[in-house]
Amino acid sequence: MIKIIRSPKSLNDIKVARWSTESARALTKVAVIDDERLPLVESLLAHGFRIFEVGDIPNLDAVSEYGIIICDVRGVGKALNSRFEGAHLLKELRYRYPDKFLILCTGQRNKVEYQPYFTHADASIGKDADSDEWSELLDGALRRTLHPLDRWKAIRPKLLEEGLSAYDLFRVEQGYIDSVLSGSTKPIEEAVTRLESGVQSQLARNMLIGVTKLIAELAATKMIGAS
Amino acid sequence: MSMDYRDVLDRLMHDMRSFNKIIKSSAEVLLRDISEGKTDRRRIEGLARDVYETAFLLSNRLTLVDYEVNPAHFSSYKPIPISIYGKFHKALLAFRRQAGFAGVKLEIVGASYGKIDGYPVIEVLPYLLLENAVKYAPKGTEAIVRFAETPRKIQVAVESVGPLVEDDELALIIENGVRGKNAAASAVEGSGLGLSLAQSICELHRAKLSVRSFGNVFSNEGVPYRQFEAAVEFQRQP
């Protein structure tokens, strides 16, 4: 039975109170899936980005801890055994991690036949981009990755797809809003444990763990919560 | 629109060779200076800058091919905040060498601190407009990039001297990739596609590109020339 005892909060109530480029760069880990060295990696590290070159990955779990993933096309995704290589890997990463920011880094942007796979990325950049282009793109990616509202909007439809009922989704969303506004993970954690339909899907569980972790990180750096 | 890959490749090869020529000659002088123990820091920096800036233009040119061949790629992502002034400033520095060789003075006037919601392909827009201005401008003339901004808009205009564009050609050169008849009559090589690609990138950014040919007409090697301006009006990020 549905019983709502208070006025629901709106997603529009979510605001990021404090924000600095430096703290955003320091907070988010960026994985680079490439069989070669990322050009300008030293320069990006010097800019304060937390870049980790992970090479080709044996499975999708290998990048679970990263908020932003940069993915090459040639020479990666070998574990998937697809002729579309990294482009196919992008598609799988998107399915597994709907709220992570995926950046396609390739010299293959003119490959029309790869385009259906490329659309799973959030952004693309050429292999010969300079450090200005990289920092502009990564700062934009951080804004999206660390913005609680954007993150929630990315996973909400996926949670429904994964079998969460509309009522449970509503309750989790209210817990999420409360957590963001208070800067405490308690409301979202409580909402998740009280779910009526349970969370059968591992993917949905991962997404809920991911947003709870984000709230904890943002609260720890005072980027959310009561001012 | 059907894609003529041969034409894309021919134009690319032509431009790659021009860029490569500059990179090789600058790198060659640089290596010789180093092997001869020359320590003129300013000269060495200048040569290294020539290499970097030409490579920057070369990257832009390659991105342009990506855009010509697979434009859907560039509109399939969400835009990010971009400093359009920064893009023009960077391209202007990169074009200064080419402009200097051609005897054309290249300047930027005004500034803009605002950002636009842009796609990475916007990098190519200054390249297209400045390349168009510098290659047609006769020796001893100026090409000026003017910036102005309001709380809602950012305007950038590239003004230079070029072959006179007839009134009935103005819309065609940005909409249809048609080369003006006086541009075709000049000694300058060109495909007529530059401004129509610029228009396409502007449309992607919901920006308005306009062109005009104005001022006194004079003859340059038998071809009528006049002031030419390509202006873009962007919506500024709130």
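This briefing describes the contact between two protein chains and then several individual residues and elements within them.

The model is predicted. For the complex, the predictor reports an ipTM of 0.78 and a pTM of 0.83. The average pLDDT of chain B is 91, and 99% of its residues score at least 70.

**The interface of chain B and chain A**

- Chain B contributes 22 residues to the contact, and chain A contributes 20 residues.
- The two chains bury about 1,800 Å² between them, and 47% of this area lies on carbon and sulfur atoms.
- Four salt bridges are found across the interface of chain B and chain A. A salt bridge joins B:K87 to A:E136, with 2.7 Å between the closest N and O atoms.
- Four elements of chain B each supply at least two residues of the side that touches chain A: helix 2 (41-69), helix 3 (72-75), strand 1 (80-82) and helix 4 (84-101). Helix 2 of chain B gives the most to this side, with seven residues.
- By class, the side of chain B that touches chain A consists of 11 nonpolar, six polar and five charged residues.

**Helix 8 of chain B**

- Helix 8 of chain B spans residues 194-204, and its buried residues are B:L195, B:S196, B:L197, B:A198, B:Q199, B:I201 and B:C202.
- The cover over these buried residues includes helix 2, helix 5 (124-136) and helix 6 (167-175) of chain B, together with strand 6 (208-220) and strand 7 (223-235) of chain B.
- Just after helix 8 of chain B, B:R206 has a positive phi of about 50 degrees.

**Two buried threonines in loops**

- A:T28 is located in the loop between helix 1 (21-27) and strand 1 (29-33) of chain A. A:T28 counts as buried because its relative accessibility is 6%, and the cut-off for buried is under 20%.
- Neighbours within four places in sequence aside, the residues in contact with A:T28 are A:R50, A:G67, A:I68, A:L142, A:T145 and A:L146.
- B:T141 is located in the loop between helix 5 and strand 4 (142-149) of chain B. With a relative accessible area of 17%, B:T141 is therefore buried.
- When residues up to four places away in sequence are not counted, B:T141 touches B:G103, B:V104, B:K105 and B:V161.
- A polar atom of the B:T141 side chain lies 2.6 Å from the backbone oxygen of B:P138.
- B:T141 and B:S35 are 106 residues apart along the chain, and their C-alpha atoms are separated by 38 Å.

**Two glutamates with positive phi**

- A:E85 is a residue other than glycine with a positive phi, near 45 degrees. A:E85 lies in helix 3 of chain A, which covers residues 85-96.
- B:E221 is not a glycine, yet its phi is positive, at about 50 degrees. B:E221 is placed in the loop between strand 6 and strand 7 of chain B.
- B:E221 is exposed because its relative accessible area is 74%, and the cut-off for exposed is over 50%.

How values were computed: Residues are numbered from 1 along each chain as its sequence is written. Chains are lettered from A and ligands numbered from 1 in the order in which they are written. This is a predicted model: local features need pLDDT of at least 70, side-chain atom pairs count only at pLDDT 80 or more; totals for chains, interfaces and linings use all residues. Side-chain values use heavy atoms; hydrogens and water are left out. Contact means heavy atoms within 4.5 Å. Buried area is the accessible area (1.4 Å probe) that two parts lose on being put together, summed over both. A salt bridge is a side-chain nitrogen of Lys or Arg within 4 Å of a carboxyl oxygen of Asp or Glu. Ala, Val, Leu, Ile, Met, Phe, Trp, Tyr, Cys and Pro count as nonpolar, Asp, Glu, Lys and Arg as charged, and the others, Gly among them, as polar. pLDDT is the predictor's confidence in each residue, from 0 to 100. Buried means under 20% relative accessible area, exposed over 50%, partly exposed in between (1.4 Å probe, protein chains only). A polar contact is a pair of N or O atoms within 3.5 Å; within protein, one must be able to donate a hydrogen and the other to accept it, and residues adjacent in sequence count only if both atoms are side-chain atoms.
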